[in-house]
Amino acid sequence: MKKLEKFIKKAIQENSKIIMPTKKQLETINRLSFNKSFYWSLFLELYLWNESWDEIEYEDFEKILKEEGRDALLYSFAINCLQNGNYPIAIKALKRYIKKYPNHLYPNFNIAQAYYEEGEKEKAIKYYEKSLEIDLSDVDTYLKLGKIHKESKEYNKALKYYKTALNLTITTHEFYDIMLKMHDIYRDTKKKKEAVACYKKAIKKNNERDDKPRNYYLYIKSGWLSKSKKKCIENYKKAIEVRPERYEAYYILGIKYIHRKDNKAIKLFKKSLKLNPQNAQAQVNMGVAYGNLDKDKKALKCYKRALALDSSLFQAYINIFSLYEEMHKYFPKKIEDMFIKNFKENRDVYVMYIAMGYLVDIYHGKEIDLTIFEKKYKNAGMECCTFNAKEILKKIRKKDKKKVSELLEILKKNTKIIIK
């Protein structure tokens, strides 16, 4: 009896849902003829599942054994362990069950799943393949095998299983799901044409069942994969058509129109921001579009709004500094402080910021010592920035061109900043 109490208390520690049985119940459990801990645990599972668990008696357990047999209870216990993440116990129980019933599909499928969750993929494959020997038409088994081989980068094997599953698929949901899995493989193997074809088939299936809104992200992803700009834009427009209340397609389409049709891009960014005012990156891109139209004041407002939403947006700072440098003005103190706080540890970014300040100093005739700059920022870190030397030299006064050229040479020599 003490051994049983100790066992149940340990089980309670592992599963807070279990409440200690009454003394009478403990006595009935202890009277079980097969009073091994494994069967005690089966009783506890029944005790836990039963809706009137506080009233359960030995007779209830005896009835289950009589009607379903110990094997059925053992299988139920194994599935419960599997669902609760207790994979080693689930494997142990399923092995006992499979030993007696080797040609049952689901026990083999479930033990394969338990092995997969435990990271033992080879054993999982063995039992999944055993499942297919029992039933060649089980779609879930093909999908599981496809997933394992995809994770192992055995793409041809994965595609083979997915294509077989596709031939057996009846529901549109299954078809859609398999198409996306196959797309991922084609994407990872750089087969864009095949990847887009998968999306097209999934879109067609959704249209057939009149579930067009579900195609929203498929159109967006197809747009990213499209080689043709025209087809790319068509996909984003279709995405907007099926889900006009979503902001992403407006935003991405806006990016596609920057430098080409900036006024149109601005309208799309405004629509996107109306639906999602927290999209800081949309503010940055709208600022770029305004800048392309020489509307610098509006561009600055966009960049400042972006930083108010996300103070770590590097591009917003650089665009602000570039605008002030073009106007030969010093940067706003508040913006400088935010920038330094976020990027002082990133040497390449910080070098660019200092260099822009030097450009303004040069224009205003301030005395500068470029040797100090060179010494301080020698051997800078990763590549982060681009300096358009031709544009800068074009805008600078004739008498300052030599100093600016020297500054650009120092940047080129001692950092990984790109000088175009």
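## Glu-248

Glu-248 is located in helix α14 (residues 248-257); helices here are DSSP runs of H or I with at least four residues, numbered from the N terminus. The model is predicted, so local features need pLDDT of at least 70 and side-chain atom pairs pLDDT 80 or more, whereas totals for chains, interfaces and linings use all residues. Residues are numbered from 1 along each chain as its sequence is written, and side-chain values use heavy atoms, with hydrogens and water left out.

Glu-248 has a relative accessible area of 13% and is therefore buried (buried is under 20%, exposed over 50%, partly exposed in between; 1.4 Å probe, protein chains only). Not counting residues up to four places away in sequence, Glu-248 touches Tyr-216, Tyr-217 and Ile-220, where contact means heavy atoms within 4.5 Å.

## Asp-188

Asp-188 belongs to helix α10 (residues 172-188). With a relative accessible area of 33%, Asp-188 is partly exposed.

Beyond four places in sequence, Asp-188 touches Lys-150 and Tyr-155. The C-alpha atoms of Asp-188 and Lys-150 are 10.0 Å apart, at a sequence separation of 38 residues.

## Helices α18 and α19

The axes of α18 (residues 314-326) and α19 (residues 333-343) come within 11 Å and cross at roughly 140 degrees; axes are lines fitted to C-alpha atoms over the stretch in contact, with angles from 0 to 180 degrees between N-to-C directions. The α18 contact residues are Phe-314, Tyr-317, Ile-320 and Phe-321, and those of α19 are Ile-335, Met-338, Phe-339, Asn-342 and Phe-343.

Terms used: Helices (H or I, at least four residues) and strands (E, at least two) are DSSP runs, numbered from the N terminus.
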